[in-house]
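Student: Please take me through one part of this model in close detail, starting with its charged side chains. I would like a single connected answer.

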Amino acid sequence: MAVQMPLAGLVFMHRLVRIRTFSQRHLSNRGLLVKLLKCRRDVRTFAASSIKCNKNEGDNADSSPLSTRLTSRQTLLSRRRRPLSPLERISGLLPQDALTPEVMQLREQNLQEPADDTSTQVEESGHSAIPKKDDSETHHASDAAVEPDTSETALNEAYYKEKSLISPPTLPGESLLVFGELLVAEYRKNRRVEYRKMFKLQKGTRLHGNWGFIPHDYIAGHPAGCFLRTLRGVPIFIRRASLEDYVLFMKRGPAIAYPKDANTMLMMMDVTEGDCVLDSGSGSGAMSLFLSRAVGSKGSVLSLEIREDHHKNAVLNYRRWRASWSLRRGEEWPDNVQFHNSDLCNASSLLAGRGFHAVSLDLINPHLALPTVIPHLHSGAVCAVYLANVTQVIDLLEGLRCLALPLLCERIIEVPVRDWLVAPAIQKSGRFCIRKAPIMDEDQGGGDETSDKEMSTERQPAFGSVPYIARPHPEQMSHTAFLVKLRKCVQ
């Protein structure tokens with residue numbers, strides 16, 4: 001017991017000595033670190049003062065080599081800390097063949113940094129890289145805020161410089177894209193349209209998408225049917241919107257009469273220029289637009305809609321198309337459609353004194369409106385009815401039987417449209433497949449070598465040597481409506 005107590009005391013004293021030694025060493029290291037930071041702060045102050053002195057003295061050659069070395073080092077640090085602009089980030093990810101010459105020139109200017117010549121660095125730091133304040137971080141933050149605007153300005157300049165090289169249209173009647181037109185943007189991949197969007201060309205806006213964006217100011221002035229690249233280098237096909245495109249992409253209220261059904265109804269009614277047509281159930285205005293083009297400036301269309309919100313939407317869609325057409329063709333679209341918010345069953349006052357060459361009905365219960373319409377339909381003319389399901393067709397026929405109207409039901413049809421995908425067979429490497437003729441004799445063994453050699457060449461294969469793949473398109477338009485053709489007869 002007496003021997004263990006002194007040993008415990010010695011161990012305790014040894015631990016105290018080690019703890020004290022470690023604390024003294026830590027304090028000495030901390031003091032050395034504080035001295036180093038203070039010296040570094042002094043060096044920064046000395047370097048900044050030496051740069052200011054050199055600037056005031058007109059960059060004399062008497063400046064000390066220490067200040068020159070510190071100034072060059074500070075310039076390199078400032079260059080390293082400069083954030084990358086959006087143009088530098090995007091152009092660094094894109095291949096060189098996807099960049100325009102203007103962007104390549106701007107990219108080379110940003111990459112040129114004379115790091116080897118110290119005198120040039122000192123001169124640049126004295127004129128443009130010296131901050132007005134001693135705080136270098138504030139200067140770097142200001143550079144980061146200004147740099148994106150500069151790169152975007154340079155990109156717009158490159159856009160407009162390339163746009164100035166566009167040759168004017170040479171064909172008679174051809175015009176360039178102008179603000180206010182309705183355009184369609186398409187992104188094609190593997191010979192298929194992966195993306196389609198209709199938009200109005202407006203000044204100061206952009207066409208956005210997952211593939212990047214294109215300024216509308218850059219699109220204006222180009223010819224229709226051209227490919228324009230986004231900032232990511234993705235080619236986008238820009239063209240004018242046709243009436244079919246506008247009907248499919250315009251703002252809708254109820255379901256529209258699809259172009260395939262509308263064209264069939266026009267053929268049923270045999271609408272020509274100068275006719276007077278009644279359209280009941282305006283909806284979103286699709287059928288009224290097709291009828292307006294069919295009757296021309298000499299004809300007229302009376303369009304009725306029972307719901308006020310659908311009526312306003314149809315009028316707005318009609319005005320938008322007329323405005324875009326006038327900018328596109330330089331002439332007014334005929335203002336030959338009269339829209340009314342009224343029920344056809346109670347619209348005897350609107351129909352009084354009128355005669356119609358054809359009638360188009362898109363109603364839930366058309367057999368209820370037929371007694372009001374048939375007296376104003378010319379003899380031998382056609383009333384085309386647009387019905388969504390077959391139960392409505394049965395109700396229409398039952399109504400004709402009970403009302404004993406002078407109408408003959410000539411046809412009840414459905415218009416199916418089946419899209420097909422037909423494309424040449426291409427290998428994974430991107431080369432065309434080659435048709436291989438059957439080998440009749442076993443001695444002829446050169447057929448495979450010839451085909452392999454032909455496949456390996458980069459020239460286009462001969463006519464009829466590439467096999468094609470043909471199959472129904474995976475995206476099909478299913479049932480839309482039943483079309484009923486009723487003809488007025490004299491009893």
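Which residue's side chain meets that of arginine 239 in a salt bridge?

Tutor: Happy to. The partner is glutamate 186: its side chain and that of arginine 239 meet in a salt bridge at 2.9 Å, N to O, where a salt bridge is a side-chain nitrogen of Lys or Arg within 4 Å of a carboxyl oxygen of Asp or Glu. This pair links distant parts of the chain, 53 residues apart, with arginine 239 in strand E6 (residues 235–240) and glutamate 186 in strand E1 (residues 182–189). Helices (H or I, at least four residues) and strands (E, at least two) are DSSP runs, numbered from the N terminus.

A word on the model itself: it is predicted, so local features need pLDDT of at least 70 and side-chain atom pairs count only at pLDDT 80 or more, while totals for chains, interfaces and linings use all residues. Residues are numbered from 1 along each chain as its sequence is written, and side-chain values use heavy atoms, leaving out hydrogens and water.

Back to the pair: both arginine 239 and glutamate 186 are buried, meaning under 20% relative accessible area, with exposed being over 50% and partly exposed in between (1.4 Å probe, protein chains only). Glutamate 186 counts as buried because its relative accessibility is 2%. Glutamate 186 also forms a salt bridge with arginine 188, at 2.8 Å, N to O. Arginine 188 has 41% relative accessibility, so it counts as partly exposed.

Arginine 401 and glutamate 398 form a salt bridge whose closest N and O atoms are 2.2 Å apart. They both lie in helix H14, three residues apart, about one turn of the helix. Arginine 401 counts as exposed because its relative accessibility is 56%, whereas glutamate 398, at 38%, is partly exposed.

Which charged residue is buried without a salt bridge? That is aspartate 275, and the nearest side chain of opposite charge, lysine 298, is 11 Å away; here Lys and Arg count as positive and Asp and Glu as negative, with His and the chain ends not counted. Aspartate 275 sits in the loop between helix H9 (259–269) and strand E7 (276–280). Its side chain reaches the backbone nitrogen of threonine 272 at 2.9 Å. Neighbours within four places in sequence aside, aspartate 275 is in contact (heavy atoms within 4.5 Å) with Asp270, Val295, Gly299, Ser300 and His357.

Aspartate 270, one of those partners, lies in the loop between H9 and E7 as well. With 57% relative accessibility, aspartate 270 counts as exposed. Its phi is near 55 degrees, a positive value in a residue other than glycine. Most residues other than glycine have a negative phi.

Among contacts between residues at least 6 apart in sequence, 67% join residues at least 24 apart.

Definitions and conventions:
A polar contact is a pair of N or O atoms within 3.5 Å; within protein, one must be able to donate a hydrogen and the other to accept it, and residues adjacent in sequence count only if both atoms are side-chain atoms.
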